[in-house]
Amino acid sequence: MRLGVVFVSLGLIFGGFFALMGGAYALGGVVEDFGRTHGVSGLASLTNILILMLMIVMVFATLLTLAERKWSAFMQDRVGPNRARFPGLPNASLAGIPHIVTDVFKMLTKEAFRPKNASKVLFALGPMLAFAPVFALFAVVPAGPTLKIFDHPVMMVSTNLDFGLLYLFAIASLAVYGTSLAGWASNNKFALLGGVRASSQMISYEVALGLSLVGMMIAFSTVKLAGPDGMSEMQMQYLWSTRVGSFDLGLPAWGIFIQPLGFLLFFAAAFAETKRAPFDSPEGESEIVGYFLEYSGMQFGMFMIAEFVEVVVLGGVIVAIFFGGWSLPFGNEWLMNLAVMKQYPILLGAIYGTVFWGKTLLLVYLQMVIRWTMPRFRYDQIQKLGWQILLPVGLANLFVSGALILWDPSLRALALFGFFVIGVFAFLTLTPPKQVRQEQEAADDHHGGHGHAAPAPHDDHAALPASTH
Amino acid sequence: MSSHSHHDPLEKRELVEADIRERTYVPEILKGIALTTKHFLRNLFGERDPNPDVVDRKGLATITTVNYPEEKVDYPPGYRGLHRLVPREDGKPRCVACYMCATICPAQCIYIEAGEYGGDDEHAESRVIEKYPKQFVIDELRCIVCGLCVDACPKDAIRMDTYTHVPSEYNRQGFVYDIPKLLKGPAVSHPSDPWYKRGSSAPPDHVHKEAHTRITAGGAALAKRPPLVEVVKFAKP
């Protein structure tokens with residue numbers, strides 16, 4: 001029963017992605033066709049903004065407000081919110097899904113309070129400046145391949161910039177204005193301190209953020225994200241490959257394989273940019289109140305929804321840079337050459353779009369689960385992690401990767417190094433820490449020494465040679 | 001760790017140097033994620049078991065919540081719940097207005113007004129007892145649920161075996177319970193009851209319920225279990 005509900009829900013989610021992406025391609029083809037008859041091209045960008053950003057990302061982020069509460073509840077063995085219901089239905093009948101509606105309604109109907117001496121314009125500008133750049137980040141992330149729909153090429157990206165990654169860095173660093181303005185304009189010392197914490201954290205981690213992607217830029221010799229010559233699509237190429245009939249099998253040049261350290265650094269730095277736990281000392285909702293202390297109602301809602309949009313966008317960006325974008329790990333060639341796919345390119349686009357959003361969903365889950373696993377970093381730990389760990393490791397990764405790419409431009413050496421790094425982390429994860437090992441050994445010794453005439457003190461006991469028993 | 005620790009007490013307090021797994025964060029975070037995800041998946045796919053009994057729990061889900069207003073946990077045996085005035089077989093309270101409970105009550109929440117049976121009124125069969133409560137009022141807001149009134153009662157007339165707590169009310173007056181609100185539950189009689197001692201009547205032909213009804217009556221949880229006290233059968237005189 002419950003299993004059925006879960007699978008039906010998953011089916012609805014992926015079916016939704018599938019339908020929306022198919023619709024995005026069809027709509028793109030239609031407007032391209034319309035534009036071509038009027039002498040303009042690239043009108044599909046507008047429909048992509050509409051569907052990719054306004055519909056998928058925004059709805060995704062809105063659903064996440066509830067998902068975070070329910071998921072965290074499951075992780076902590078709780079039931080989570082389940083009281084909201086529609087009139088006429090029994091309590092808890094819809095598993096709390098109407099909480100999305102009630103949350104929005106609550107935000108909208110609350111008073112938008114402004115402190116007496118707060119700067120009127122800047123106070124209102126804060127949440128907008130925090131929201132807008134985060135949202136705009138998604139513009140360069142490709143959510144599907146470029147396909148010929150109704151004889152016109154349709155790109156599944158809002159804007160195909162040559163400087164995609166640089167745009168990413170530039171816009172991401174704009175978000176700091178929103179937080180520091182919010183902190184300053186509130187005319188509140190605690191908010192100001194929160195804003196200062198936020199800006200120092202975001203600026204510190206921007207260094208590591210930029211550095212962590214340089215390895216990928218060198219590997220593919222581009223800063224472009226979308227398009228056939230973009231980083232996202234170039235990850236489809238195989239490092240090692242074989243064929244089973246017409247099915248192509250192999251290891252793709254995904255960023256996670258050739259730059260695992262770069263991925264970890266980027267993930268950590270971008271996590272700090274989103275200001276979510278464990279990097280949420282700028283907010284510290286319950287105790288060290290943060291920069292949006294004075295905001296209420298929908299103005300606070302803007303900060304909150306910006307955070308969730310950032311989670312989705314960050315998931316999409318990481319998928320595009322490190323997880324092969326919309327492509328499958330293998331079998332891409334086989335899928336693209338299928339007769340039915342050649343006949344109905346919209347179907348192919350919908351499949352690849354679903355793959356992209358599925359990967360994004362996984363990374364969104366990863367961010368959520370980290371937020372509910374890790375305790376918050378102290379302020380000094382944040383700065384130490386950023387400057388003393390991420391930055392040197394990023395530099396080292398950059399030099400090693402650069403040398404390996406120079407030595408072997410086919411990226412295979414880089415991938416072997418990547419597997420070495422992954423193997424080291426896997427080994428460390430699967431073996432117990434030194435302290436645990438020592439305790440186990442001590443316990444074993446203690447067990448062996450059972451029945452000894454005069455029990456020695458614990459410290460000495462562990463040192464007794466086994467032959468004395 | 002080292003043998004120096006015996007000489008220098010301060011050395012014991014030095015921090016254990018963090019393992020490489022902790023200093024690089026990643027392995028420990030991965031372990032944490034694995035743990036959290038395990039709980040997430042178990043609770044996502046598993047059906048929540050509303051059974052409050054921890055040892056009887058089965059199934060995937062690790063959620064232990066009982067959705068209170070819809071699902072209720074039976075109170076444990078011996079739970080001191082809301083008072084009740086125990087009725088006789090004829091529906092009148094067993095209480096003889098002796099004031100024992102009101103006297104012992106540390107919270108002074110019991111108010112009794114005694115009435116006296118007249119020599120020739122219509123309560124002829126009740127004449128063996130002289131007093132009855134005209135008013136018997138418990139202020140449940142004052143009650144500290146100590147159960148001393150139950151122990152003090154010589155007539156087994158007040159019990160706390162309803163296995164419910166005091167329901168909420170909108171005003172304080174609602175918590176003041178009088179006889180109509182208090183008089184409920186199964187009737188109880190004992191062979192020693194004075195109204196059986198009249199010359200005209202014989203002791204009732206039923207088991208002596210005193211010992212076991214005290215513990216089990218009203219306890220739904222106990223219905224499934226074997227009786228805690230063996231039922232003693234009284235031989236007919």
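How many salt bridges does the rule find across the interface of chain B and chain A? The rule finds one, a salt bridge being a side-chain nitrogen of Lys or Arg within 4 Å of a carboxyl oxygen of Asp or Glu. It joins the side chains of Glu70(B) and Arg83(A), at 3.2 Å from N to O.

The model is predicted, so local features need pLDDT of at least 70 and side-chain atom pairs count only at pLDDT 80 or more, while totals for chains, interfaces and linings use all residues. Residues are numbered from 1 along each chain as its sequence is written, and side-chain values use heavy atoms, with hydrogens and water left out.

The contact (heavy atoms within 4.5 Å) involves 35 residues of chain B and 36 residues of chain A. Between the two chains about 3000 Å² is buried, with 64% from carbon and sulfur atoms; this is the accessible area (1.4 Å probe) lost on putting the two parts together, summed over both. On the chain B side, Arg21(B), Phe40(B) and Phe45(B) lose the most area to chain A, together 20% of what that side buries.

No disulfide (a pair of cysteine sulfur atoms within 2.5 Å) is found over all chains.

| Cysteine | Closest cysteine sulfur | Sulfur distance |
|---|---|---|
| Cys105(B) | Cys109(B) | 3.6 Å |
| Cys143(B) | Cys109(B) | 4.6 Å |

Cys105(B) is too far from Cys109(B) for a bond, and so is Cys143(B).

Definitions and conventions
Chains lettered and ligands numbered in written order.
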